[in-house]
Amino acid sequence: MVPEPIVLPLRTRVASSIFWLAWSRGVAQLLSFATTVLVARILVPADYGVMALASMFIATAGVLADMGLSGAIVQFRDLDKRDLDTCFWITVSLGIIAYVVLALGASVIADWFAVPRLADVLPVLALGLPLNACSVVSGSLLRKRLALDRISQAEIIAAVVTLPVMLCCAIAGLGVWTLVIGSLLSWVVRGATMFAFAPWLPGLRLGGGRTKEMLDFSLTTFGASILWAFREQADLAAIGKVTGQVTVGLYSMAKDLASLPAAKISSVVFMLSAPVMAELQTDVTAMRRAFFRGARLTSAITLPASAGMALAADDIVAVLLGPKWLPAVPVLRLLCLYAGVRGVEVLLPPVLVARRRQRFLFWYYLAMFLAVPSAAALGAVWGGAPGAVVLLTPVYFGLTGILTREALAELKASFSELWSEIWPILTATGTMTAVVLLLRGSTFGGPTESPLIGLILISISGAATYLGTLFALGRTVIGEGVEVVGWIFRRPRAD
């Protein structure tokens with residue numbers, strides 16, 4: 001059996017994970033965001049368009065190479081070393097195969113999108129597939145043990161090493177290769193660090209006692225995972241094919257900005273919720289409490305942040321990215337509504353996976369894969385990138401409602417209970433939106449000579465309104481937020 005560390009209480013492990021994630025990821029994300037802003041001011045939208053199209057294939061191929069085995073390692077509690085060795089060699093082999101396929105097919109892909117630079121960029125970026133595959137087992141073991149402090153340390157080391165290199169490459173005029181070099185270097189450093197942190201090294205003995213059961217589980221979840229990956233990238237494919245690399249570059253930047261508040265929170269939430277739900281899978285009452293707590297805390301951050309970004313989109317783009325990115329503002333505003341819901345949706349799949357509802361997730365992601373890209377393609381033909389967002393958003397919301405219903409049923413809960421948990425947050429967000437709109441229409445919030453001043457005024461007034469309303473209506477959320485902030489500023493100890 002693989003040796004396990006001393007198991008601390010779940011609450012202590014979650015609190016310690018939040019401490020490490022907040023500080024290490026916070027520092028890494030600040031560095032990453034600053035470099036993104038600086039690099040975006042040097043590069044042009046077409047560079048980001050090429051990178052977005054190449055990354056679309058890398059992300060999808062990465063899911064194929066994983067084959068659902070990382071999730072299986074998290075879910076199964078008693079694995080021996082041969083089980084892990086088998087997972088390692090399967091994922092590395094698939095990563096190499098995926099690299100070869102993409103390298104050989106790069107010219108065909110470039111011709112289909114009518115973006116010649118893809119033929120050069122894609123084979124180089126695809127080197128990340130076998131590199132990432134080498135760290136799948138190590139990362140999964142760390143997630144399984146809720147050792148997110150180690151994962152966080154690996155990420156901040158990767159950020160510290162990568163960001164100066166990217167900035168130098170951009171200044172040197174390397175264009176899209178700046179983004180390629182940054183991605184590859186980040187993957188190498190992060191993977192090597194996690195590999196060093198995990199108390200496990202690969203061997204050549206294959207076929208452990210639970211390998212067959214793991215493979216059955218991974219193949220069941222694999223279908224849902226690959227459909228999810230297709231869905232995630234389908235909007236870029238549709239817009240890139242219809243509109244070209246410049247528009248898809250503007251769209252990808254707008255999507256990254258719109259997703260920024262939700263993505264940074266949801267990635268942490270998912271890292272926590274998947275192992276927590278797996279550990280509580282036989283205790284529905286505890287799962288329900290954990291889910292509603294996560295929903296409150298996640299909504300309290302992502303919903304007002306997304307609304308605020310939509311309200312201040314023009315000032316944000318002008319201040320951070322410069323005038324060449326202003327055409328992305330309409331798309332950014334439209335994507336913020338979509339991104340706000342995405343930030344909360346991440347809580348739902350771990351519930352269904354823990355309750356062994358992988359088949360439902362497969363059909364859900366299949367519906368997403370068929371419906372969302374179709375809506376995006378029709379919208380892109382009708383109205384470019386804004387048209388794609390206008391049509392895909394209601395389709396996404398409708399299917400997400402079905403996913404929510406199934407997750408709540410597994411928790412023996414209902415929509416009315418979910419509403420009772422988050423209505424103060426929705427009310428506070430709505431009040432903030434109304435106040436900011438009134439201020440923007442007044443002399444106080446009207447056009448200023450400096451977009452930076454406008455952005456500061458909107459941010460302060462919006463934050464004050466939101467927090468004041470939430471304090472009046474949602475004391476539970478405020479109390480939980482204070483507790484989490486306490487975890488962030490004081491590392492919890494074992495009881």
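**Notebook: salt bridges and burial**

I began with Arg117, which counts as partly exposed at 31% relative accessibility. My cut-offs for burial are under 20% relative accessible area for buried, over 50% for exposed, and partly exposed in between, with a 1.4 Å probe and protein chains only.

Before going on, I noted that this is a predicted model, in which local features need pLDDT of at least 70, side-chain atom pairs count only at pLDDT 80 or more, and totals for chains, interfaces and linings use all residues. Residues are numbered from 1 along each chain as its sequence is written, and side-chain values use heavy atoms, with hydrogens and water left out.

**Entry: Arg117 and its partner**

I looked up the partner of Arg117 and found a salt bridge with Asp47, where the closest N and O atoms are 3.0 Å apart. The pair links distant parts of the chain, 70 residues apart: Asp47 sits in helix H2 (residues 45-66), and Arg117 in the loop between helix H4 (81-113) and helix H5 (118-125). Asp47 is buried, at 8% relative accessible area. I count a salt bridge when a side-chain nitrogen of Lys or Arg is within 4 Å of a carboxyl oxygen of Asp or Glu. By this rule I get 8 salt bridges. Helices (H or I, at least four residues) and strands (E, at least two) are DSSP runs, numbered from the N terminus.

**Entry: Arg333 and Asp314**

I next checked Arg333, which forms a salt bridge with Asp314 at 3.4 Å between the closest N and O atoms. Arg333 belongs to helix H14 (residues 329-345) and Asp314 to helix H13 (residues 313-320), so the bridge ties together parts 19 residues apart in sequence. Arg333 is partly exposed at 35%, and Asp314 is partly exposed at 26%.

**Entry: Glu410 and Arg357**

For Glu410 I found a salt bridge with Arg357, the closest N and O atoms being 2.8 Å apart. Glu410 is in helix H16 (residues 358-410) and Arg357 in the loop between helix H15 (348-354) and H16; the two are 53 residues apart and link distant parts of the chain. I then noted that salt bridges with shared partners join Arg355, Arg357, Arg405, Glu406 and Glu410 into one network. Glu410 is buried at 16% relative accessibility, whereas Arg357 is partly exposed at 21%.

**Entry: whole chain**

I recorded 19 helices and 0 strands. Of the 495 residues, 54% are buried. Among contacts (heavy atoms within 4.5 Å) with a separation of 6 or more, 84% are between residues 24 or more positions apart. The accessible surface, from the Shrake-Rupley method with a 1.4 Å probe, comes to about 21,000 Å², and 70% of that belongs to carbon and sulfur atoms.
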